[in-house]
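Subject: Structure handover

Dear colleague,

Here is the structure I said I would pass on. My notes on it follow below the entry.

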Amino acid sequence: MNGLILSSLGLPLLGFLLIFLSHNNEKKIASISFWLSHAMGLSIILLLVVWAVAGFPQHEYEWLTLYEVEGYSFPLLFYLDKIGAVYLFCTWAIFSIIVKYCRYYLHRESGYKRFFLTIFSFVFGLNVVILSGSIDILFAGWEIVGISSFLLIAFYRHRAQPVRNSLRAYTIYRFCDIGLLLGSWMSHLLFHESQHFSELANLFSNPEMPPASNASLWLVSTLILIAASGKSAQFPFCFWLPRAMEGPTPSSAIFYGALSVHLGVFLLMRTTPIWSYHFITRWSVFNIGLLTVIIASLSEKTQSNIKGKIAYASITQVGFMFMELSLGLENLVLVHFLGNAFLRCYQLLVSPSIVVHLLRVEGSTDSDFHLPDQSRFQFLPTSLRGILPDILKNTLYVFSLQEGNLELLVRSVLWTPLKRVGTLINKTNLWLKLLYSFTGFALIGVLIIVSGSTIQYLAFPVSILMVLASLSAFSQKHSPFRVWNAIGLSSSLAGLAVWLINPTAWFDVLIFASGIVPAWILGIIVLTKLLKNDSFSNSPFVYRAFAETQPTLSLLLFLSFLGLVGFPISPAFLGEDLLLSHASNHAPWFALPITIAFVINGIAAARIFQRLCMGQPNELNTVDGHLFKKRV
Amino acid sequence: MAISQVAEPTVENLHNTPLDSPFNIDSVLEHLAHWLPAQGPIKDFIHHNTLHAVQNHPFHEGVAIAAKMFGARSYLPLSDYQNLYQEGRIKNHALNWALAHSELSDTEQLALKASLFDDDPTGHYPPVSLANHGIRNSWLSQIEVDLAALVHPIFFRLLGNFLDQGISRWSLPKPDEHFWDCIVRLTHNSLIPLYPLNEPEAYDLLNQSPDQVIQICLKKIVGDPELYEQYILEMLLAHPGWSGMVHVIEQNPNILLLRRDITLKEIIAVELVLELASLNRKKGPQFPNVMTFPLLKGTPLLKDGGIKPSISLRLKVWHEAMEWSLHSELLLALKAKQAEAPKSKAIPEAQALFCIDDRECSIRRHLEEVHPSIETFGAAGFFGIDFFYQGLDDAYPVAQCPNIIVPKHLIKESNTKANLSPKSKTLKLTNMHFSAHSMFKGWLYTQTIGVGYAAKMAWDVFRPGSKLPNIRALSEVESHSQLHLLRETDELSPDGYLLGFSLTEMADRLAGLLRNIGLTQNFAPIVVVIAHGSSSVNNPHFAAYDCGACSGKPGAPNARAFAWMANHESVRELLSERGIEIPETTRFIAAVHNTSRDEITYFDPHLLEEHPAPNLAAFKEAMGTALERNARERSRWFELAPQDQTNEIAHTHVKNRTMSIFEPRPEYNHSNNLYAIVGRRQLTRDLFMDRRAFLHSYDPNTDKQGDIMARILSAVIPVCGGINLEYLFSRIDNSVYGAGTKLPHNVIGLLGVANGVEGDLRTGLPAQMVEVHQPSRLLIVLEQSSDILDKTIAKLGTLKEWLDNEWVRVVSCHPDTHELFLYSANGWESVSLPESILVPESNTSHDIFLGQTQTIPVHQFIRSHA
């Protein structure tokens, strides 16, 4: 069974690599994807059969330990149980259908190779998530799914709208990573070695002795809930899902109709013992579901485009799943998940048929909008009775049309304040900045000396600087170098802070730096090469399309972007985890700034990558000698 | 002379507003509106000249103006033409012809010729344009406000929901409510704000009329009245799909199933208020206006006397050379043909009347190859009978004729089987996947039968063949229904239609068509009238696959009506009074050819039982073989079709294509259309034209005044010319003139498709329909002497513009001598073609197309037939 688990994970990865190494030859890519998707299917089916024959056990498998120091280990841990089996089955079924579908659907499309690469990396990430045995591994898969989603939304990178929307989705993903990162850190903190999913239930088995205090359980549950809501487009993040329908229809079907959107539900099921321990957290899961059901089903009523309508219908059903989960109806949720995934996937695939369907089958196209019962307004004075229903109707319509204003809400709560602070920093003169930070250090230094405490407290100003550097990167629009350096600086400060907190952890900090620093330097080199003879600051907002004009450099920039944001291909991923674990042991407060910095760095780096590599190449005939050549 | 030489014909000022007069939005809109695309809702797809706005200019000049307006390409990349030359498809004589017709001096021609083979990978790029580089660009470049990103999503949502024809559950407008009033209602009468119109200045502005709002906003946003017109035009062209749709609806409100009251003026007012609100929000109420921004050198400005086109001469000459090479392939073959002495014609065993459509070009050839004593005719696929048609399954009547005709008659279909109950409108469970069902019903469905969709999906993808339930293409009409053709009373229907035709009206229409195609005697025992339609699944552009002469509908009702009328005894009597004697033994049979599946359905078998037609069995058999061969010929274009196949495998393959939900190319439609030939079949019967010709039958001897030809051309030019130019421009710049790739399309409000949920409507044809198209203008060959054609052309009215400005090319082929003359506004020019080039010859179609993956030159068949 263990071998089958590994092959279910390895085959999509192999497919990814083979497609990556092959030329952009449609036939070859098609046959690679055909064979590997079927091989993966076979391996999944065998795995499920073997697992079933073994009597549906809760199977855990520790492949190897990637890194181990005293009090910390990072094992590659896999786990298969009923939930995983259902998700795995669904992945197999939908993935093999979509691969076959796309063989014809994407025929002659210019991004054929890119599409299959992303689909395979998505499935790899998905299988990692499903088969993960601990939150750390789950987080690795989660990141891979996020990046593939980011790339697929922006598949038609010539147009600004898909690029914008992919960033929108990515920022939500990234924000929700706060939840997962902090959640994984807290589970380190709370459950120590026992963060195995397999052992979670045992921890909570004794009602007399909860593994942690109610407050910290509440915190970790909330974090997990944020992560789940973001990925599953639940309240208050519903708005990104319909806007993510920018790629080819089958990719929307597999991601946003079927699989990706149910990952939040999966996360909740995996961590059920944690959040279901206390009724308050159960109650908040229920409420998130309920709010989502209300807002999404109202928003669905006024969607005049078919994909948006399906998206909101799907969100509503996921909201129901949250509610069912909070009531402890796990088996019902699994059935519901299967039904919703297959139905929405099919709906999206046949969505182009809607014109024919409505014209020739349903016939009636007008749907009126009435408040159900006018009689309930009888008690009102006559003057109001005439207007009120109308006003209510308009109000409801506006609410539904603006999809509950969730986007404005999220933007004004989360991003606008951060951007303001960042802009302020960027406006400040360099010397002033140095002066401020020096003064800050000096003050703390004096305090330390006066109070006679350890040097450890220097980490405090360092971490503030780290967050400020991230914010500066976040709101910098004009110079990619400044963004890149601010991100690099912020990450280095993170390392420095940890070293200050725990000087013995220098080796772990080194691991982290071994991921960050090369990515940083590579990024600087690539940027210098890309932007040679170019005054970037003169042309804000224009996408530069280097992915087409400079494909190799763009790929390198992408890799350094992944390295810098701690994607699971770089040691920085492990490093991030290590840093967090040190924080947990010595200075719990440090987890918050470092996570915020990681998240914001990721968004800033993604934006730079988009600005430079996506968009339409400057195809302009400037025979008549216009000035436009420089600008566009 | 520089390689980048550019001809700059002057164009008169495109707008003639005197600069000192106050800004008048109505008169400005009058000349701005024609820049918008004229594509209506996607349920009817009417092909038209994409660049109708510049049709009053000569072709190349018009294309160049449009390029500067919309920011589009004008020609293929230079290397494409050079490759065609290397492959031998562009001939030297054509290059010389194009140079000679370029109106350059001899030395300039030599210089240009010397530069033809240089490399120039960027010459075909679009120029700096009003739509992309105009004054509205300053928002982004000067104050970093991306107005499009701020305003468009909100604006498109409002428009989409207002115009929606049935996707959303709650419709936005109240009955007879105007768009403007609707927006005012939502803003002022709602308890929660409609972002961003809650901004105080915008909120107050909504109390005024759209006219006033436009004036106030323009003053605040633009400042300089000289720039108002350009600002509005740029704003409309930033979303041509929506602007065009609104304009089309404003012009013709009946085009929608559910009437919506909307005008361009209202959407301009709403968009300006949205812009004002967003600018206030971003930059405060004192935001700088467009007038204060420095303009970049070279910004196109309308006020400077309009757009001056610049034509890349090298690309123009290459393009003309390509067209002339392709055109001369046919002309050579026509010229080489010896004019046959008119034989005393034996009566053929069967006659078949097809649509003019280029997709019928090959099936006619195959049918004649299989069974040489079948005679075929071509006519516009509505067969001269124009009416509104409401089939059994149709919710609404649809027009069954070219869109230039407005029919007065309504024909309804009824069922002859009494036991079939009228269709219930309630949704069946099998259809539930079409409504999204978000709430409790959705919960119930997903919990119960949702899993079943795994099986359904797998079945549809791995075993295509089972169709989407309950969706029938119109072409698959049940043959047991009946059309109510004969008018019983002269009372108008509630909608103001005449219900059916009177006998005289029938005879008028039949006689008109039969004379057009020259079939007034020698009727065979059976005459099969074959309409065409196309079936496909999962295809929002389905209407673009059906008959262009029926406004994007299958022509089956027209064929049935034609056959019924022609079989009617009283009609025949009336016809014989007019000199058309149809023998009593002759039976007319209606059928429909499914062009994507290559299948044929014969209608009204119950009528055949009453009047058996002896030759029909032989005809059906011949047709069956012809369809299989046709399927094989079509398969050569499908890269993923099984190669080295038999006819049967090819036929199965094309049938499967039409039922696969994952197949974006059920057929290639009119791809590679190139010729239109109006004349006797004798002229083209021995030619292999690679499915590239629209064929209309015509007898030159019965038309001494050119009247019949004028009638034919008045349908051929807009229908075939429209198809040709729409394919041409969608192919040359698929992202501007076409709809881009089909894959991410999202159906919006049953009006059209967009990319993603918040994109602009896409007009034109998707990439999957035009990718193999060789973009060349239509060559119309008329088998008539140029003297008579002069009379015809004088009768064409506004259509003459197409010919004079060379949006189509016209050649006269003398009926007796086969001498060829090319039409131009200056008169007829004798066509001289090099003697050295021989027309390739072959025995059968099969030998010609087998293994070919590109377009094939015209071939001559070596065979002797009766």
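Of the 632 residues of chain A, 56% count as buried. This is a predicted model, and every value here is computed from it. The radius of gyration of chain A is 26 Å, which agrees with the figure near 26 Å for a compact globule of 632 residues. The C-alpha trace of chain A spans about 80 × 80 × 70 Å along its principal axes. Among the contacts in chain A with a separation of 6 or more, 76% are between residues 24 or more positions apart.

As for secondary structure, chain A has 27 helices and two strands. The domain assignment divides chain A into domain 1 (2–228 + 238–263), domain 2 (378–402) and domain 3 (405–620). Between the C-alpha centres of domain 2 and domain 3 of chain A there are 50 Å.

Next, the interface. On the chain A side, 92 residues are in contact with 95 residues of chain B. Helix α15 (residues 330–349) of chain A supplies the largest share of that side, with eleven residues. Sorted by class, the side of chain A that touches chain B holds 45 nonpolar, 29 polar and 18 charged residues.

Ten of the twelve residues of α13(B) are buried, so the helix is mostly covered. The buried residues run through Pro240(B), Gly241(B), Trp242(B), Ser243(B), Gly244(B), Met245(B), Val246(B), His247(B), Val248(B) and Ile249(B). The cover over these buried residues includes the helices α8 (147–163), α12 (225–237) and α14 (264–283) of chain B, and also the strands β17 (752–755) and β18 (761–762) of chain B.

The sheet in chain B is open and has three strands in the order β14-β24-β23, with mixed pairing. Its edge strands are β14 (687–688) and β23 (841–842) of chain B, each of which pairs on one side only. Strand β14(B) is joined by two bridges to β24 (residues 859–861) of chain B, and these two strands run antiparallel. Across from Leu687(B) stands Gln860(B) in β24(B).

Regards

How values were computed:
Residues numbered from 1 in each chain as written. Chains lettered and ligands numbered in written order. Predicted model: local features only at pLDDT ≥ 70, side-chain atom pairs only at ≥ 80, totals over all residues. Domains from an automatic or database assignment. Pairing = 2+ DSSP bridges. Helix = DSSP H or I, 4+ residues; strand = E, 2+ residues; numbered from the N terminus. Contact = placed C-beta atoms within 7 Å. Nonpolar A, V, L, I, M, F, W, Y, C, P; charged D, E, K, R; others polar. Rg over C-alpha atoms; globule rule 2.2 N^0.38 Å. Buried ≥ 20, exposed ≤ 12 C-beta atoms within 10 Å, placed from the backbone.
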